[in-house]
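I opened the model to look up its fold, its symmetry and the contact between its chains. My notes follow.

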Protein chains: 2
Amino acid sequence: MSPKVGVAPLRREQIVRATIRCLAREGYSGLTMRKVSREAGVSQGILHYYFTDKRAILVAALGAVMEDLDARIRAAQARSGPDAVARLRALIEASLRTALEAREVWVVFVEFWGEMMHDDRLRTINAGLYTRMRRLIGALIRQGTRRGQFRPVEPTRAAAVVLGLLDGVALQVTFDPKAFDVATATRFCQEALGRYLAR
Amino acid sequence: MSPKVGVAPLRREQIVRATIRCLAREGYSGLTMRKVSREAGVSQGILHYYFTDKRAILVAALGAVMEDLDARIRAAQARSGPDAVARLRALIEASLRTALEAREVWVVFVEFWGEMMHDDRLRTINAGLYTRMRRLIGALIRQGTRRGQFRPVEPTRAAAVVLGLLDGVALQVTFDPKAFDVATATRFCQEALGRYLAR
DNA sequence: GATAGATAATTGGTCATCCAATCAAGAACC
DNA sequence: GGTTCTTGATTGGATGACCAATTATCTATC
């Protein structure tokens, strides 16, 4: 008597999660269908039942970790309150904290970047994610500017700067978690952005 | 009558450059010894005469593009003059310009990151490069601070911020060269760091 | 609410292909 | 004559995709 509804999506999720664990452990160059199926505890054949090919599994893994990051950011922002400055602050801290607490998220990002650069379809997906992220940050900046909390800046470009700093520092944390503790990294990023956006 | 001196190193270089072209075109997951040998116009066997294995070729490719970036930074700094602010400015512009003019440099970085995260030996190499880069930037910041051009900051942490911003923005340029022109990106980075380090 | 028939999900084995590394043999150079 | 350099064929193994067969689940009908 297994649940009737949601079995198929659960199996899908099960495969994707196994893929993420494999990617975190051995990267995309070490990813094989056999390893994913073993990690998920299913047969090899079923992977091609739910996904057309290996690339589709990678895309699904990216989507999953992106949702994980989104959820963490949203949760942090829910805690921070509605103020634009506070929400930007929460976004930064959640992203950096994720690099430490859910390292696989950023690992999958990097693995995807490596493939995306040589595949038009994947590149389109990545471009969409970056555009969306820039828009999200840009909206916060616009809001802060409108209320006089930030100096007047071009929101799109400023968002690119914020996103760049975020990516770059999160990368350093992912590469060497002992190089910085998250609290310090967060403080420095926020100080830098505070000064960048200060009136 | 080929030149007597430097043939072996030239052949090595020839293989490394072919590897970089292959990586730029198809990434590490698409890199095979056969493709590298074809691209270089040599036999497959010789690759293992100059390199112990595939990983060693990747390491050599990373070293080569890192030297390329270094050379570009040094050249820009030679033009900029000895002032710490100007040299930092030159470093930023050279790095971003490289992402556009020599895209393969940053592509190889990303491909290396993907492997490095799952290989201790490669991770050590990467950690060394980052430490060196942070030191380099840190020294410039320290110099600027000492001369009163920058506010007092902890140079190591500030260097991490600068390096993070640099990586993050260069990545965005590499992923989508049309998203920003280098002049704008450079201006925004320098504005951000100027404000970050301003007294 | 039992049953049969259809559909969906899952298995494990197969296959053609490709790969990194090795090696013996030969060519070029000193 | 010996060392360095280079070749291309070989080897043993792994890989992604495919598929026929099996099982589980659902649905319509009585």
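I began with contacts: two residues are in contact if their C-beta atoms, placed from the backbone, lie within 7 Å. On that basis the contact takes 38 residues from chain B and 38 from chain A. I then asked which helices build chain B's side. On the side of chain B that touches chain A, α1 (7-26), α6, α7 (120-146), α8 (155-175) and α9 (182-197) of chain B each supply at least two residues. Helices here are DSSP runs of H or I of at least four residues, strands are runs of E of at least two, and both are numbered from the N terminus. α8(B) gives the largest share of that side, 13 residues. I sorted the side of chain B that touches chain A by class and got 20 nonpolar, 10 polar and eight charged residues. Ala, Val, Leu, Ile, Met, Phe, Trp, Tyr, Cys and Pro count as nonpolar, Asp, Glu, Lys and Arg as charged, and the others, Gly among them, as polar.

A note on the source: this is a predicted model, where local features need pLDDT of at least 70, side-chain atom pairs count only at pLDDT 80 or more, and totals for chains, interfaces and linings use all residues. Residues are numbered from 1 along each chain as its sequence is written, and chains are lettered from A in the order in which they are written.

Next, symmetry. I found that a rotation of 180° with 0.0 Å of shift along its axis superposes chain B on chain A, with RMSD 0.0 Å. The two copies are thus related as by a two-fold rotation axis. The superposition is by least squares on the C-alpha atoms of residues with pLDDT of at least 70 in both copies. I also checked the surfaces: 100% of the interface residues of chain B are interface residues in chain A too, so the copies meet through the same surface.

Then the fold of chain A. I counted nine helices and zero strands. The C-alpha trace spans about 60 × 40 × 30 Å along its principal axes. Of the 199 residues of chain A, 44% are buried (20 or more other C-beta atoms, placed from the backbone, within 10 Å of a residue's own). Among contacts in chain A between residues at least 6 apart in sequence, 60% join residues at least 24 apart.

α5(A) is mostly covered, with 13 of its 18 residues buried.

Last, Phe109(B). This residue sits in helix α6 (residues 103-116) of chain B. Is Phe109(B) buried or exposed? Phe109(B) is buried, because 22 other C-beta atoms lie within 10 Å. Phe109(B) and Leu171(B) are 62 residues apart in sequence and 9.9 Å apart in space, C-alpha to C-alpha.

Definitions and conventions. A residue is buried if 20 or more other C-beta atoms lie within 10 Å of its own, exposed if 12 or fewer, and partly exposed in between; C-beta atoms are placed from the backbone.
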